[in-house]
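Reader: I am new to this structure and would like to understand the terms used for it. Could you take me through them with care?

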Amino acid sequence: MARQDGAARTPDKVVHKVLNNNVVISIDESGQERVLMGRGLGFQLLPSDTIDPAKVEKTFVLDQGSEADHARQLLASVPYPVIEAVTRAVDEAERTLGRSLGRRLPLAIIDHIQFVLERMQKGIRIPTTSMPELRVLHPQEFDAATAMARSVSASLDTALPDEEAVFLTMHLLNATRDEPNGTAALLFRRVQHVVTTVEGGLGVHLDTASPDYARFILHIQFLLQRLVAKSMLRGSDTSFFEFAKHSYPRSYAIAADVKSYVSAATGSDLTDEELLYVIVHVERLANQMVDGAAT
């Protein structure tokens, strides 16, 4: 479903299907379906009536098939203030990120937010973590998603749960990454698992606001991306690796656990060069804990 911003000129010859008082399906002579939205747009509208372009606030172009059926059902059932709030927030995110977010994102966000509101009405809250890794790995998308959540909350006069910034960031990543669906989410889950492994080995929760944590997260992201691209770091000199292995036994053991996880998750083994950098980062995080405890 492709989105067009602002009011749109209605074709001269159309047939209308009124989904509700605010949403109308317009079908032109070529059979192309467009979703026209605006407050009161469909009120008492007949198939032969001419639509006032001034009332059209948003226009979506529907693809054919099951996705179009889902879009019609969704837009007919979701209260218009929710649709209005989400499309406004998506517009703001596009301006912030400086790019189109694609044809499917507005519908996905509308569906998501409506589900959140229904859960809130029933007193159901899905527990999640704050996922601070997102702020480091994808700061632009995280900031845009946080602004989206605030915008929707303000428009609906309903405070969305704090974790919505996380879920909306994942939606934005799927829309902005030129990768197969789910690739960004899969990479993020793997980064999270590595963080959990390191925290378990050190017996602490890492300081997510520290520069060392940010460097570590970025390194793990790039390591996993190099693994997929089959461009891992390799070197002929193993002396530094052997030195780190024997000088930092705890950090080496944790790095070895990371290597085991990565091997199980991806089917590829880390080189000693890659493992060396993991040891160095873990040791730096361990030292940060000692320094923090001493202050």
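**Terms set against values**

Author: His219 touches Arg226, Tyr277, Val278 and His281, leaving aside residues up to four places away in sequence, where contact means heavy atoms within 4.5 Å. This is a predicted model, in which local features need pLDDT of at least 70 and side-chain atom pairs count only at pLDDT 80 or more, while totals for chains, interfaces and linings use all residues. Residues are numbered from 1 along each chain as its sequence is written, and side-chain values use heavy atoms, with hydrogens and water left out.

Reader: Why is His219 called buried?

Author: Buried means under 20% relative accessible area, exposed over 50%, and partly exposed in between, with a 1.4 Å probe and protein chains only. The relative accessibility of His219 is 12%, so His219 counts as buried. Its place is in helix H8, residues 211-229, a helix being a DSSP run of H or I with at least four residues, a strand a run of E with at least two, both numbered from the N terminus.

Reader: What makes helix H2 largely enclosed by the rest of the structure?

Author: In H2, 13 of the 18 residues are buried, and therefore the helix is largely enclosed by the rest of the structure. Helix H2 covers residues 80-97 and reaches 26 Å from its first C-alpha to its last, close to the expected 26 Å, the expected span being 1.5 Å times one less than the number of residues.

Reader: Why is Asp157 called exposed?

Author: Asp157 has a relative accessible area of 72%, and because exposed means over 50%, Asp157 is exposed. Asp157 lies in the loop between helix H5 (139-156) and helix H6 (164-176), and has a positive phi of about 55 degrees although it is not a glycine.

Reader: What makes the pair of Phe243 and Tyr248 edge-to-face?

Author: The ring centres of Phe243 and Tyr248 are 6.4 Å apart and their planes stand at 85 degrees, so this pair is edge-to-face.

Definitions and conventions. Phe/Tyr/Trp six-rings, centres within 6.5 Å; stacked < 30°, edge-to-face > 60°.
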